[in-house]
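Please look over the sequence and the structure shown below before reading on.

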Amino acid sequence: LVNADSNLDIEDGFDCLADPNCNIGASQFNVRAESFGNVKSVRLSVSGPLSASRVENLSPWSLFGDIPGPPPSYLRSMLPQGDYTIVAEAFPKEQAVGIANTKILQFTVA
């Protein structure tokens, strides 16, 4: 989870989102996937009160996009309260082609 106001990672951000007493210190977010090995593209999708999907062909792999840097400037979105599922699929070719390595993360925004 990235604080899109400061472009900094939020440590334990998904755990904090589920706690109504936790002050995460941000209102605008982005989600970034980390990859290892032969990854040429990543498809990120979120479903829940907010739904979005994006294929990235250049790192950093971010759900709502970014402006290349260094450091990158992450585009932002608010996350309304509710239950979410994020699916990150890493592909060996650009444009989400090939057999994907898939990770799923579920979380709640309280």
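Which residue is the bridge partner of Ser47 in S10? The partner in that strand is Thr85. The model discussed here is a predicted one.

## Overall architecture

The protein chain contains eleven strands and one helix. In sequence order, these elements follow the pattern β-β-α-β-β-β-β-β-β-β-β-β. With a radius of gyration of 14 Å, close to the 13 Å given by the globule rule for 110 residues, the protein chain is therefore as compact as a globular protein of that length.

The C-alpha trace spans about 40 × 30 × 20 Å along its principal axes. Of the contacts in the protein chain with a separation of 6 or more, 53% are between residues 24 or more positions apart.

## Strand S10 and its partners

Strand S10 covers residues 82–91 and is mostly covered, with seven of its ten residues buried. Strand S5, residues 41–47, pairs with S10 in the antiparallel sense over seven bridges; the pair Ser47 and Thr85 belongs to the bridging between strands described above.

Strand S11, residues 101–109, also runs antiparallel to S10, and nine bridges join these two strands. Here the bridge partner of Ala90 in S11 is Asn101.

## Surface and charge

Of the 110 residues in the protein chain, 40% are buried. The accessible surface of the protein chain amounts to about 6,400 Å², and carbon and sulfur atoms account for 51% of that surface.

The protein chain carries 7 positive and 12 negative charges, whose mean positions lie 12 Å apart.

Terms used
Residues are numbered from 1 along each chain as its sequence is written. This is a predicted model: local features need pLDDT of at least 70, side-chain atom pairs count only at pLDDT 80 or more; totals for chains, interfaces and linings use all residues. Side-chain values use heavy atoms; hydrogens and water are left out. Helices (H or I, at least four residues) and strands (E, at least two) are DSSP runs, numbered from the N terminus. The radius of gyration is taken over C-alpha atoms; the globule rule is 2.2 Å times the number of residues to the power 0.38. Buried means under 20% relative accessible area, exposed over 50%, partly exposed in between (1.4 Å probe, protein chains only). Contact means heavy atoms within 4.5 Å. Accessible areas come from the Shrake-Rupley method with a 1.4 Å probe; for residues, only the protein chains shown count as cover. Lys and Arg count as positive and Asp and Glu as negative; His and the chain ends are not counted. The place of a charge is taken as NZ of Lys, CZ of Arg, CG of Asp or CD of Glu. Two strands pair if DSSP finds at least two bridges between them.
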